[in-house]
Amino acid sequence: MKPTSETELAEMIRAADGPLCIQGAGTRGLSCDGDVLDTTGLSGVTLYDPGALTLVAGAGTTLTEVEDLLAKEGQRLAFEPRRLNALMGTSGETTLGGIVATNSAGPARIALGNCADHLLGVRFVNGAGEIVKNGGRVMKNVTGYDLVKLLAGSHGTLGVLTELSLKVLPQPETEATLAITGQTSAEAQKMMALALGSPFEVTGAVHIPGGDTLLRIEGFEDSVVYRTGKLSELTGAEVSLQGEASRARWADLRDLTMFSGGDADIWRLRLKPSDGPDAMARLQPGKALMDMAGGEIWLEHQAGDNLRSQLKGLNCDAQQIRGQGAERFQPQSPALAKLQSGLRAQFDPRGILNAGLMG
Amino acid sequence: MQMPQPDARVLDRKDRIIARLRAALPDCPVISDPRELHAYECDALTAYRCPPMCVVLPGSTEEVSAALRICHEEQAPVVPRGAGTSLAGGALPTADSVIIGVARLNQFLETDYTNRFIRVQTGVTNLSVTGQVQEDGFFYAPDPSSQLACAIAGNIAMNSGGAHCLKYGVTTNNLLGVTMVMMDGEVVEIGGEYPDAGGGLNLLGLICGSEGQLGIVTEATLRILHAPEGARPVMIGFDSNEVAGECVSDIIRAGILPVAIEFMDRPCIRACEAFAKAGYPDVEALLIVEVEGSEDEISHQLSLIKDIAMKHNPAEFRESTSSEESAAIWLGRKSAFGAMGQINDYMCLDGTIPVSELPYVLRRIGEMSKDYGLDVANVFHAGDGNMHPLILFDANKPGDLELCEEFGADILKLCVEVGGCLTGEHGVGVEKRDLMDHQYAPVDIEAQLRVKDVFDPAWLLNSAKVFPLTHTENRRKGALPPSAS
């Protein structure tokens, strides 16, 4: 099934007599049982208002199309959505719907927030085939419940996204990367916390075990020079990349290209940054990236093994990104599981949307 | 504005309900003296008042849970209350309701600079959160004008904003986790001490801004940030509102993102100047634009802003020259509602519009003001399009309040028409409740009601707010919600 309009999609969902597997370009390797419902026909930018910092587009619109359009006006999606093609070994062009459904965000999330923070409005079709809208296209909106935030990261289990309204921001004039080599996870975590606890507006803080610890500074040229100088004094890190070279490095980090290929499973942990070194010590991963100053760790792990058993006692969410054999999402407390299944039953009374995907 | 008739069956049980609350909560004030209840009969939307049946002021999550369990068993409506500063009537009681207030939940629980969060009980005021961390150079970003008085609980319920949201976001963007008590007394932990904690559906984002209808938040973990090295406002005066609006749009489009862009028109400037003596120029429209950073960074950004402003031929362009002057400029702006209140009755609106529509909307409001014969003072967060037109009226003149409400409704409909919304940061409450049909189709509202069905199936928690009463009538009477299919 590949609807080309919202009303056609609504008819298809009403007519469905079994589970549906909602797919954008399929770059994130998330699939489930059921007839494939392809959303890439719901594409196109319907409104772009650079003076109001907003963009509205169909859920099937590709990220590339959006980024190209924004670049012409010197703007961008500041939450830095990730393309997972390299990590998942998939082809195809990441869609806005996939980004919103997984609430994807890159290293900038530590300073600028995730996709949900930049999502202003949604239109979606729920499991009963009703077309619903929430939010709008303005920066501040508290009119009714914030279903926008709820839909972000709901992995298609509450409704099929059709149109998304996003906040965009100016592209900084330039950027620079500060680096230190050879830190332990614990040293790196402390250094990144120091940098983020400064007034110098770090927009990326990552550590690659056995490699570099990197800080990113963005803004007007003079300001970047000033702040990198200050951060260098504070942390001992030195400027290693500037301008385009810095951008290219962070694009690689954003898209997790270091995890391309291999047989290992890939997991993503989220935890208190200061707990990052503990998690690393327990798991001893062959390859890892500590993003968010240690609060988001992407790592390789032995295929088929559920690493959650090694993280007991640590307040941590583990999500399996690549591989099989474990519950993909972090199991929820009974109270939250009850609320979530209650919400899913309201949005999708027949339980046909991405059934089984989120527990 | 209508409120539902009190439930006679609940009123009949009043003595028993109060006795049960007192017995279960011996260390906790349970207020039922009619004179004392006056303090709780309204919030900052003072046009509507009604004393509740009683008021409970718990001192712990457990006490909130015990109180809610009793109210749930007795099927008594509950109205949660923060500091009572809602401009939308979010804490307006009904005669059959029990108010559960968070005023005694005033402890700071944990400050963690390594992971940059603070955990508080939600009765603490917004400003006191910054007060707790500012000696160490940190601050809590959302800054509603009522920040000296308003409670974090209310900030979370209304997803409060403030002048500096343009850069730092509103409450939802600075909230990491909550402890919440649901209507049946169950305590749930949502989110945690780091972004997106807990995995699963984004319940935290749903709770924030749900106007006290899904649960009572007793503890919150908030993101704190290191303060910038410095900040400086500049005042730019214009001969017309529209030109000021164009200047805002040009600044945004030029790729500069100031931390705040505030707008005031002449009536508001004069009132605020009389109040704060900030040295505001006497012009038709005034922008206060604030930038942050080191001295050189501030100078650079201000020079870019000056270049843009000069193209619009400003009547005045004046940088603050001292921290005292900056403080006075902000004091004036943040006192705007109070300052206007000293000279006139007014109704404050809160619609948001796309920034690019500012010149058009300001012109239309001016025209409508003439048609209605009521003056409007404009003060708002121009950078993110969040408008606060203050419609001036005479409360002692029969019919003036109704005329003013009609005018306000027309302005909000205009906001929706140009692609905006009814409320940017104050919440719907009872004030904008009956306008919700202008923004949302019935199916959009139904989707929201079904969310409440999950958290509060008996529809006891703050249920007469947010949604037009006709949409919620069956649910509030305890009827089964209509099937979703």
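This is a predicted model: local features need pLDDT of at least 70, side-chain atom pairs count only at pLDDT 80 or more; totals for chains, interfaces and linings use all residues.
Figure 1. When neighbours within four places in sequence are left aside, the contacts of A:Tyr226 are B:Ser294, B:Asp296 and B:Glu297. Within chain A, A:Phe200 is 26 residues away from A:Tyr226 in sequence, and their C-alpha atoms are 9.1 Å apart.

**Figure 2. The contact between chain A and chain B**. Chain A contributes 69 residues to this contact and chain B contributes 76 residues. On the side of chain A that touches chain B, helix H12 (residues 334-347) of chain A gives the most, with 7 residues. Sorted by class, that side of chain A comprises 30 nonpolar, 26 polar and 13 charged residues.

**Figure 3. Domain 2 of chain A against domain 3 of chain A**. The domain assignment divides chain A into domain 1 (6-170), domain 2 (174-254) and domain 3 (257-322). The centres of domain 2 and domain 3 of chain A, taken over C-alpha atoms, are separated by 22 Å. In the contact between these two domains, 14 residues of domain 2 of chain A meet 12 residues of domain 3 of chain A. On the domain 2 side, helix H8 (185-196), strand E11 (202-207) and helix H10 (243-254) of chain A each supply at least two residues. H8(A) provides the largest share of that side, 7 residues. By class, the side of domain 2 of chain A that touches domain 3 of chain A holds 10 nonpolar, 3 polar and 1 charged residues.

**Figure 4. The four-stranded sheet of chain B**. In this open sheet of 4 strands, the order is E1-E2-E4-E3 (chain B) and the pairing is mixed. Strand E1 (30-31) and strand E3 (78-81) of chain B each have a single partner strand, so one side of each of these edge strands is left without a neighbour in the sheet. Strand E2 (residues 54-56) and strand E4 (residues 98-101) of chain B are paired in the parallel sense over 3 bridges. B:Val56 has B:Ile100 opposite it, in E4(B). Across E2, E3 and E4 of chain B lies helix H4 (residues 61-73) of chain B, which runs at about 165° to E4(B).

**Figure 5. The seven-stranded antiparallel sheet of chain B**. Here 7 strands form an open sheet in the order E15-E12-E14-E13-E17-E18-E16 (chain B). Its edges are strand E15 (316-319) and strand E16 (345-348) of chain B; each has a single partner strand, so one side of each lacks a neighbour in the sheet. With direction ignored, neighbouring strands of this sheet are turned by 20° against each other on average. Strand E17 (residues 376-381) and strand E18 (residues 389-393) of chain B pair in the antiparallel sense over 3 bridges. B:Asn378 has B:Pro389 in E18(B) as its bridge partner. Helix H13 (residues 336-343) of chain B lies across strand E13 (260-265), E16, E17 and E18 of chain B, and its direction is at about 150° to E16(B).

Methods: Residues are numbered from 1 along each chain as its sequence is written. Chains are lettered from A and ligands numbered from 1 in the order in which they are written. Two residues are in contact if their C-beta atoms, placed from the backbone, lie within 7 Å. Ala, Val, Leu, Ile, Met, Phe, Trp, Tyr, Cys and Pro count as nonpolar, Asp, Glu, Lys and Arg as charged, and the others, Gly among them, as polar. Domain bounds come from an automatic or database domain assignment. Two strands pair if DSSP finds at least two bridges between them. Axes are lines fitted to C-alpha atoms, for helices over the stretch in contact, and angles run from 0 to 180 degrees between N-to-C directions.
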